[in-house]
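Please look over the sequence and the 3D structure below. Then read the short report that comes after.

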Amino acid sequence: FADMLVTSVQSIPYYLVHDLTHEEADKVYGGFIKDYHSRGEPCLEKMKFGILSPAEFMATFKGDCDTRSVLLFHILSRFGYKVVILASEQYTHAIIALSGNYRGLHKTYRGIKYYTWETTSTGWVPGTLDRSNNNMNYWDIVLTN
């Protein structure tokens, strides 16, 4: 069930979501956001708190890493999964992490291993991350169930 759910969310096209105009975000955040805007990639600007609620995401199928992570956290929690949201200031990214019979990259919280799971593009499985953001020292658990 978790694999079907996460795979479905991974297949939804990525939309960057932030709380500023494009111009303001380019100045304030720079880096990834400025590059993303310069390529003309899809974006939702001036969204309160820079995130969509699970209902908004499901209604529009537009969202970025934290929007997707919150939706998946909510659904998986409701079905009894042990799940956390990991966020990284270093990587300016958010993902989910799931407890279970997995291997690979993980964070331990209260004696339970939670395995990373990328939600913004297809093909990712629990316990793997791109080399550009796989240093677990830069990931923090920000929401638990």
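The report covers the ground rules, a strand, some aromatic rings, a loop residue and a pocket.

## Ground rules

This is a predicted model, in which local features need pLDDT of at least 70, side-chain atom pairs count only at pLDDT 80 or more, and totals for chains, interfaces and linings use all residues. Residues are numbered from 1 along each chain as its sequence is written, and side-chain values use heavy atoms, with hydrogens and water left out.

Helices (H or I, at least four residues) and strands (E, at least two) are DSSP runs, numbered from the N terminus.

Start with β4, which is mostly covered: six of its six residues are buried. Buried means under 20% relative accessible area, exposed means over 50%, and partly exposed lies in between (1.4 Å probe, protein chains only). In a regular strand, side chains alternate between the two faces of the sheet. In β4, His 93, Ile 95 and Ala 97 point one way. Ala 94, Ile 96 and Leu 98 point the other way.

Two strands pair if DSSP finds at least two bridges between them. Strand β3 (residues 83–88) runs antiparallel to β4, and six bridges join them. Here Ile 85 stands opposite Ile 96. The hairpin of β3 and β4 has four residues between the strands, and Thr 92 there takes a positive phi near 40 degrees. β4 also pairs with β6, in the antiparallel sense, over three bridges. Ala 97 stands opposite Thr 116 in β6.

## Aromatic rings

A pair of aromatic rings is described by the distance of the centres and the angle of the planes. Rings of Phe, Tyr and Trp (its six-membered ring) pair if their centres lie within 6.5 Å; planes under 30 degrees apart count as stacked, over 60 as edge-to-face and the rest as tilted. By this rule there are eight aromatic pairs. Why is the pair of Tyr 102 and Tyr 115 edge-to-face? The ring centres are 6.0 Å apart and the planes stand at 65 degrees, so the pair is edge-to-face. Tyr 102 lies in the loop between β4 (93–98) and β5 (106–109), and Tyr 115 in strand β6 (residues 112–117), so the pair ties together parts 13 residues apart in sequence. Tyr 102 is partly exposed at 27% relative accessibility, while Tyr 115 is buried at 8%.

Tyr 102 also pairs with Trp 117: their centres are 6.3 Å apart and their planes at 55 degrees, so this pair is tilted. Trp 117 lies in strand β6, so the pair ties together parts that are 15 residues apart in sequence. Trp 117 is buried, at 1% relative accessibility. Elsewhere, Phe 1, Phe 79 and Tyr 81 form one aromatic cluster.

## A buried loop residue

Asn 133 lies in the loop between β6 and β7 (140–144). Is Asn 133 buried or exposed? At 9% relative accessibility, Asn 133 counts as buried. Contact means heavy atoms within 4.5 Å. Not counting residues up to four places away in sequence, Asn 133 touches Tyr 91, His 93, Glu 118 and Trp 139.

## The largest pocket

A pocket is found on a 1 Å grid over the protein atoms alone: it is an open set of points where a 1.4 Å probe fits, with protein on both sides within 12 Å along at least five of seven lines, and lining residues have an atom within 4 Å of a point. The largest pocket is lined by 31 residues. Phe 32, Cys 65, Tyr 91, Thr 92 and His 93 lie nearest its centre. The largest share of the lining, four residues, comes from α3.
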